[in-house]
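Open your viewer, load the coordinates, and let's walk through them together. At each stop you get something to select and a note on what is there.

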Amino acid sequence: MALRAFSSRLPAAHYHSGIGLTKARRTQRRLIIPSSRFFSAEAVSSPSNLVQVYISRSTDPYLNLSIEHFLLQKSHPDSVILLLYTNRPCIVIGRNQNPWVEVNLGLVNQRGILRQLRASSESGAQEEGDAVVKNDADGVKNSPKEVEVREADADADDVLLVRRRSGGGTVFHDAGNVNYSVICPPASFDRDKHAEMVVRALQGLRKGNVRVNERHDIVLDVPPTQPSNTSHDVDVTMNNMDGIRTFKISGSAYKLTRTRSLHHGTCLLSSPHLLFLSQLLRSPAAPYIKARGVESVRSPVRNVGLSNAEFEDAVVAEFLRMYEDAAQDQLEKNGQTSKIDVEILDETVVQDIPEVRAGIAELRSRDWIYTQTPQFTFSSHPTADDPRPRPDLPTDLPSSFFPTNAEHSGSADAAPVPGLRMTVRHGQITEVVAPLSKDSESHGAKTPGGENNLADSLKNLYLHHVDDWRTYVGSENESVGRWLNRLFGAGS
Amino acid sequence: MASIARCLRAVRPSTVSRLAQTPRMRSNWQANSVRAFSTSPISKLSDVAILQIQAPTPLPVHIVGEYHTARNCCGDIRKYTKEHEWVDLNADQTSGVIGISEYAAEELGDVVYVELPEEGKELVAGDTLGAVESVKSAADINSPIACTVTAANIALEDKPGTINQVPEDDSHGGGWIAKVTIGEQGRKDFESLMDLEEYKAFTGSQEH
């Protein structure tokens with residue numbers, strides 16, 4: 001059973017025991033339940049539980065998303081629910097995104113990658129792009145078959161890859177990022193409503209320059225005079241007329257079902273890894289891929305500079321303030337006086353719930369992570385559909401990747417477009433146009449059937465099943481294999 | 001699609017005056033209809049749209065009663081769910097077409113991706129038929145009736161925005177989601193759905 005693998009060796013430093021009860025007026029109204037005695041399908045769907053607040057103490061992103069999905073599906077249609085959780089380092093892509101475009105899989109698949117990135121950053125060896133830690137650096141590279149194991153005992157310096165069920169773009173989570181999630185009836189759903197709730201919570205913590213922007217994200221406006229040494233700014237910051245720089249601190253995504261709506265969002269509080277986001281989230285394959293579905297919008301990010309406990313406390317208080325009337329009604333009905341329980345969820349309790357277990361299994365499956373990818377095409381050269389100029393190709397690729405005019409005009413059976421093109425549907429290569437092996441000096445004349453070996457060997461492959469492209473492309477195309485390994489983050 | 005219903009409030013232009021010049025038969029929702037068709041090239045308008053232009057009465061709210069059993073060119077009857085899907089049942093009640101309503105398409109905002117069902121998929125009413133993504137929101141599309149999918153609208157994979165332009169067009173180039181075959185249970189389910197008049201009243205009530 002997958003859940004048994006959840007480790008109790010997780011770093012405990014950033015978990016506070018209970019909620020930071022810093023403001024007396026809030027403590028009046030809240031009772032901290034130390035374990036989730038009441039967390040079950042029956043309890044969450046009870047009409048007497050119309051306002052529910054949970055804080056998960058698991059750091060497993062698959063588990064936390066599955067708790068959330070369980071609440072979305074099982075909670076009473078009229079109820080309003082807040083769930084807060086903090087994940088160990090992971091990259092979370094949107095439901096309809098392409099991991100080969102969004103994520104530098106070669107980096108992300110390395111054990112202890114964050115440790116390596118920090119080390120190379122501290123030693124001053126920082127360079128641009130994926131040159132900082134190459135795929136064949138000293139980190140142990142995992143073959144896809146080992147990933148299940150890796151996920152099971154992921155340490156704090158690994159980065160997990162997660163595909164969530166909601167829409168939107170790719171985000172990075174770690175222990176310095178708290179996620180909030182509000183599940184409510186569709187009638188009261190509004191894309192900004194609960195982002196505004198979080199803004200009020202932040203403002204209450206003296207973070208005044210935060211607001212919800214037109215993309216339903218929460219951003220922080222930094223006046224020109226304020227020094228920016230409290231955080232790592234990635235990408236180029238936006239400058240407006242007043243010299244105010246704007247940073248994203250929180251991203252939103254939504255899931256709508258027949259009876260319920262879910263809004264969840266991140267909030268960067270104190271992540272030490274912001275410096276590395278552009279490396280982790282920049283795929284070397286992206287310039288070659290034209291994908292259907294959703295592409296991320298890059299934004300400069302920054303930490304708010306709060307502890308997780310302060311933030312959780314403030315968001316819970318703001319949520320209860322919003323739904324106070326409903327909460328009071330519920331309490332009166334239950335014969336209680338003044339408290340909405342904040343339930344602390346831990347792994348041992350929720351893993352007994354069959355729906356949560358099934359949800360985790362689905363989210364962790366490579367089928368969900370990879371084959372849910374919308375169709376895309378990979379083209380080594382510009383095409384009519386995707387005319388972007390491509391990066392320079394490795395010079396050791398076969399000559400068919402570098403056609404000359406003479407070759408085009410002189411040979412009747414020359415491919416109209418040079419290089420390699422693949423159509424990938426549900427993670428599987430369904431069509432290939434591969435270069436003909438015309439390197440006469442090395443191969444001589446080939447039989448017509450042999451000329452398309454590359455295409456034949458690539459067709460029907462699942463991208464995420466390929467440990468090492470060199471084993472599929474044949475020795476005469478080893479350079480192609482190395483190139484594909486680098487682009488798709490395979491090989492060792 | 002339920003969540004789309006009353007919640008994803010988009011800012012809508014005042015359209016009353018334009019509506020008066022855009023009489024239409026199948027409109028479920030006034031502002032939406034104007035946007036849907038004003039952004040569509042005329043060549044993309046379906047037979048339905050052409051009928052709508054020819055319909056004589058200016059305010060759809062008042063005309064629906066006369067038309068709610070209207071059939072399109074093929075003799076189909078259209079009904080709606082509270083979750084804002086529509087289903088056409090063909091004349092011999094063995095097959096149909098499913099899509100999302102103009103109201104839903106408007107409320108969702110720009111659709112950027114459509115997840116389509118596999119051919120052969122068997123569904124009961126309320127099962128997830130597919131999903132659409134718009135403005136960071138993944139929304140389920142549910143099957144209005146028990147049915148078996150015979151074809152999905154593959155064109156939406158390349159042009160998901162068609163759903164915004166002509167969501168209730170069941171012709172080639174339209175925004176329909178799936179074609180289905182229907183059995184006894186499907187016909188029974190169909191009976192319980194809302195006709196246009198009822199749906200219009202339903203979406204009208206959700207507006208306030």
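## Stop 1: the two domains of chain A

Select chain A and colour residues 2-370 as domain 1 and residues 376-488 as domain 2; these bounds come from an automatic or database domain assignment. Before going further, note that this is a predicted model, in which local features need pLDDT of at least 70, side-chain atom pairs count only at pLDDT 80 or more, and totals for chains, interfaces and linings use all residues. Residues are numbered from 1 along each chain as its sequence is written, while chains are lettered from A and ligands numbered from 1 in the order in which they are written.

Now show where the domains meet: 17 residues of domain 1 of chain A are in contact with 18 residues of domain 2 of chain A. Contact here requires C-beta atoms, placed from the backbone, to lie within 7 Å. On the domain 1 side, pick out α5 (105-108), β14 (289-291) and α14 (366-371) of chain A, each of which supplies at least two residues. The most comes from β14(A), with three residues. Helices (H or I, at least four residues) and strands (E, at least two) are DSSP runs, numbered from the N terminus. By class, this side of domain 1 has 10 nonpolar, four polar and three charged residues. Nonpolar covers Ala, Val, Leu, Ile, Met, Phe, Trp, Tyr, Cys and Pro; charged covers Asp, Glu, Lys and Arg; the others, Gly among them, are polar.

## Stop 2: a helix inside chain A

Zoom out to chain A, with its 20 helices and 18 strands. Of its 492 residues, 46% are buried. A residue is buried if 20 or more other C-beta atoms lie within 10 Å of its own, exposed if 12 or fewer, and partly exposed in between, with C-beta atoms placed from the backbone.

Next, select α10 (residues 308-322) of chain A. Its 15 residues reach 21 Å from first C-alpha to last, close to the 21 Å expected at 1.5 Å a residue, where the expected span is 1.5 Å times one less than the number of residues. Is α10(A) mostly covered or mostly uncovered? Mostly covered: 12 of its 15 residues are buried, including A:Glu310, A:Phe311, A:Glu312 and A:Asp313.

## Stop 3: where chain B meets chain A

Bring in chain B, which puts 21 residues into the contact, against 27 residues from chain A. On the chain B side, highlight α1 (2-7), β4 (111-115) and β7 (137-142), the elements that give two or more residues. With six residues, α1(B) gives the most.

Then select β12 (residues 252-256) of chain A alongside β7(B): three bridges join these strands, which run parallel. Strands pair if DSSP finds at least two bridges between them. Across this pairing, A:Lys255 stands opposite B:Ala138.

## Stop 4: strands in chain B

Select β6 (residues 128-134) of chain B. Six of its seven residues are buried, so β6(B) is largely enclosed by the rest of the structure. On one pairing, four bridges join β4(B) to β6(B), antiparallel, with B:Glu115 partnered by B:Ala131. In another, six bridges join β6(B) to β7(B), also antiparallel, and B:Ser134 pairs with B:Ser137. Two residues lie between the strands of this hairpin, and B:Val135 takes a positive phi near 45°.

Key:
Contact = placed C-beta atoms within 7 Å.
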